[in-house]
Amino acid sequence: MKQLVVVAVLAIEICSGTGVSESQSENIITLATFEADPLKGFPTHWESRGDRDEAKKIYWIEQEEGNKFLRARASKREIQIGLARVVAPQQFPQLRWRWRARELPCGCDERTPET
């Protein structure tokens with residue numbers, strides 16, 4: 001039996017890739033920080049692949065130690081969500097984000113379909 005997986009996305013940004021620091025914000029576009037989203041709510045402007053009501057049961061905004069983040073908890077459900085943005089990949093070839101998994105399914109290996 002697969003265990004629950006918890007993933008927290010803290011911020012998603014696209015970067016120019018020129019080695020600039022975060023203080024040089026003209027070379028970084030922040031796509032999501034979840035700061036404006038209500039706690040326990042579905043992330044604003046995000047879309048789901050599949051049933052949106054079911055997606056709201058899997059994904060919600062939480063806060064820990066002053067940081068808002070997207071929490072996902074699913075068991076045998078495969079609904080994906082995303083945030084669509086149009087950018088020039090030549091100008092912003094890098095994507096960066098922070099995340100953590102507190103619990104991974106025992107015995108699972110994403111390299112093999114069986115697990």
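Which residues make up the largest nonpolar core? In this predicted model, local features require pLDDT of at least 70 and side-chain atom pairs count only at pLDDT 80 or more, whereas totals for chains, interfaces and linings use all residues. Residues are numbered from 1 along each chain as its sequence is written, and side-chain values use heavy atoms, with hydrogens and water left out.

The largest nonpolar core comprises 12 residues in all, namely Ala32, Phe34, Phe42, Trp46, Ala55, Ile58, Tyr59, Ile61, Leu70, Ala72, Ile79 and Ile81. A nonpolar core is defined as a set of buried Ala, Val, Leu, Ile, Met, Phe, Trp, Tyr and Cys residues joined through side-chain atoms within 4.5 Å. Buried denotes under 20% relative accessible area, exposed over 50%, and partly exposed the range in between, with a 1.4 Å probe and protein chains only. Two or more residues of this core are given by each of helix H1 (52-58), strand S4 (59-64) and strand S5 (67-74). Helices (H or I, at least four residues) and strands (E, at least two) are DSSP runs numbered from the N terminus. In soluble globular proteins, nonpolar side chains tend to be buried together.

The core residue Phe34 lies in the loop between strand S2 (28-32) and strand S3 (47-49). Phe34 has a positive phi of about 70° although it is not a glycine, and its relative accessible area of 2% classes it as buried. The loop between S2 and S3 also contains His45, for which a positive phi of about 70° is likewise found in a residue that is not a glycine. His45 is exposed, at a relative accessible area of 59%. Most residues other than glycine have a negative phi.

Four salt bridges are present in the structure, the criterion being a side-chain nitrogen of Lys or Arg within 4 Å of a carboxyl oxygen of Asp or Glu. In one of them, Glu62 pairs with Lys40, and the closest N and O atoms are 3.5 Å apart. Because Glu62 lies in strand S4 and Lys40 in the loop between S2 and S3, this pair ties together parts that are 22 residues apart in sequence. Glu62 is buried, at 17% relative accessibility, whereas Lys40 is exposed, at 61%.

A salt bridge also joins the side chains of Glu54 and Lys57 (3.5 Å, N to O). These two residues are three apart in helix H1, so about one helical turn separates Glu54 from Lys57. Glu54 is partly exposed, with a relative accessible area of 23%, and Lys57 is exposed, at 52%. Arg111 and Asp109 form a further salt bridge through their side chains (2.7 Å, N to O). Here Arg111 is exposed, with a relative accessible area of 70%, while Asp109 counts as partly exposed, at 23%. Through salt bridges that share partners, Lys40, Glu62 and Arg71 are joined into one network.
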